Amino acid sequence: MNFDIAVMQMFNGVSLFTILLLMAIGLAIVFGLMGVINMAHGELMALGAYMTYLAARFFGHFAPGWMDLYLFAAIPFAFAVTFAFGYLLERGFIRFFYDRPLDTLLATWGLSLMLQQSYRSIFGAQEVSVPLASWLAGAWEPTAGIQLPLTRIFIAGLTAVVAIGVYLLLYRTPWGLKVRAVTQNRAIAGAVGIDTRRVDAMTFALGCGLAGIAGAVFTMIGSTNPGTGQLYIVDAFIVVVFGGVQSLIGTALSGFAIAQAQTWLEYLMSGSMARATILLLAIAVLCLRPNGLFAIRSRG
């Protein structure tokens, strides 16, 4: 293997890592910090993708001269819509299923089916796509044998910004302190005056909003249809569980390890065999460490 191939494989691994992290970070907050098994997380990503599609249609019709910059409006718009939807969803639906994980799983699975049918009724069963901004077309060539797609570089940069923002929000703000307090001991947090219901609603909404950002990004690498969310939900759960529930850093490290392993295995064998091997390795690790590789202790 020459140097150029090695660099391309490492970049492919980093690219897959950023995609996995963007998918999983919202789920890590909802599932890891709140204990809610949200089977509709993929459909929330699809909602973000459809909002990006609507934003592209709006710019194409009313401001065609600004089409190259529509992503900078579409991504915040996707976040805002999915955040608001998540807040209403938690207030009117999810909060009745806390401390009932199996009921939550079944309820959110039913919700995912309802959302899929809603997308099918509103947008149709066919796939929709958005135009790629001209400044994202092509690739950066640091050397003659290395080509790094600009879309993947943009996704990597956006993922870094989102991850740093989430970290600062959870570990450097008073609201983040309340979230971590409720996560460690809900009863004591409520006893000292923290409004645990509001914390739950805002935390769930944040996880949904991050799913919307992930959906907006995925429009740059593929088309969107009502079942798009189902393509991502399994990988997102594997990353979160493998890294350790309640550990955002564990989610990031898990995503990096899985992405690099899958990329190099795909170089050595077929894609399906590589995914099967990754799944078997994850099962083996969880048998030895049921709480994940990077699980943290919390007060019950």
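**A buried aspartate, a pocket and a cavity**

D235 is buried, with a relative accessible area of 17%. Buried here means under 20% relative accessible area, exposed means over 50%, and partly exposed is in between, using a 1.4 Å probe and protein chains only. The model is predicted, so local features need pLDDT of at least 70 and side-chain atom pairs count only at pLDDT 80 or more, while totals for chains, interfaces and linings use all residues. Residues are numbered from 1 along each chain as its sequence is written, and side-chain values use heavy atoms, with hydrogens and water left out.

What does the side chain of D235 meet in a salt bridge? The partner is R275, at 3.1 Å from N to O. D235 lies in helix α9 (residues 230–243) and R275 in helix α11 (residues 271–288), so this pair ties together parts that are 40 residues apart in sequence. A salt bridge is counted when a side-chain nitrogen of Lys or Arg is within 4 Å of a carboxyl oxygen of Asp or Glu. Helices are DSSP runs of H or I with at least four residues, strands are runs of E with at least two, and both are numbered from the N terminus. R275, at 40% relative accessibility, counts as partly exposed.

R91 and E90 meet through their side chains at 3.0 Å, N to O. E90 counts as buried at 0% relative accessibility, whereas R91 counts as partly exposed at 26%. The side chains of D103 and R100 form another salt bridge, at 2.9 Å, N to O. D103 is partly exposed, with a relative accessible area of 33%, and R100 is partly exposed as well, at 38%.

D235 and R275 also belong to the lining of the second largest pocket, together with N12, L16, I19, L20, M23, L231, Y232, Q262, T263 and E266. About 260 Å³ of space lies in this pocket. Pockets and cavities are found on a 1 Å grid over the protein atoms alone: a cavity is a set of points where a 1.4 Å probe fits but cannot get out, a pocket is an open set with protein on both sides within 12 Å along at least five of seven lines, and lining residues have an atom within 4 Å of a point. Grid points are joined across faces, edges and corners, and a volume is the space filled by probe spheres set on the points.

Which helices supply at least two residues each to the lining of the second largest pocket? They are α1 (3–33), α9 and α10 (248–268). α1 gives the most, with five residues. By class, the lining has six nonpolar, three polar and three charged residues. Ala, Val, Leu, Ile, Met, Phe, Trp, Tyr, Cys and Pro count as nonpolar, Asp, Glu, Lys and Arg as charged, and the others, Gly among them, as polar.

Within α10, the buried residues include Q262 and T263, both of which line the second largest pocket. At 1.5 Å a residue, the 21 residues of α10 should span 30 Å, and the 31 Å between its end C-alpha atoms agrees with this. The expected span is 1.5 Å times one less than the number of residues in the helix.

The structure also has one cavity of 30 Å³ or more. The largest cavity has a volume of about 60 Å³. Its lining consists of M45, A46, A49, G215, F218, T219, G222, S223, T224, T228 and Y232. The elements that give two or more residues to this lining are α2 (41–62) and α8 (196–218). The largest share, three residues, comes from α2. The lining of the largest cavity divides into five nonpolar, six polar and no charged residues. Y232 lines the largest cavity and also the second largest pocket.

In α2, 16 of the 22 residues are buried, so this helix is largely enclosed by the rest of the structure.

In an unreviewed entry, UniProt places the feature "transmembrane region" at several spans, among them residues 44–63 and 153–170. UniProt positions are given in the numbering used here, feature names are shortened, and annotations may be inferred rather than shown by experiment. Residues 44–63 are 95% helix and 0% strand, with end C-alpha atoms 27 Å apart. The span 153–170 is 100% helix and 0% strand, and its end C-alpha atoms lie 26 Å apart.

A163 is placed in helix α5 (residues 150–171). At 25% relative accessibility, A163 counts as partly exposed. The C-alpha atoms of A163 and I25 are separated by 7.8 Å, although these residues are 138 residues apart along the chain.
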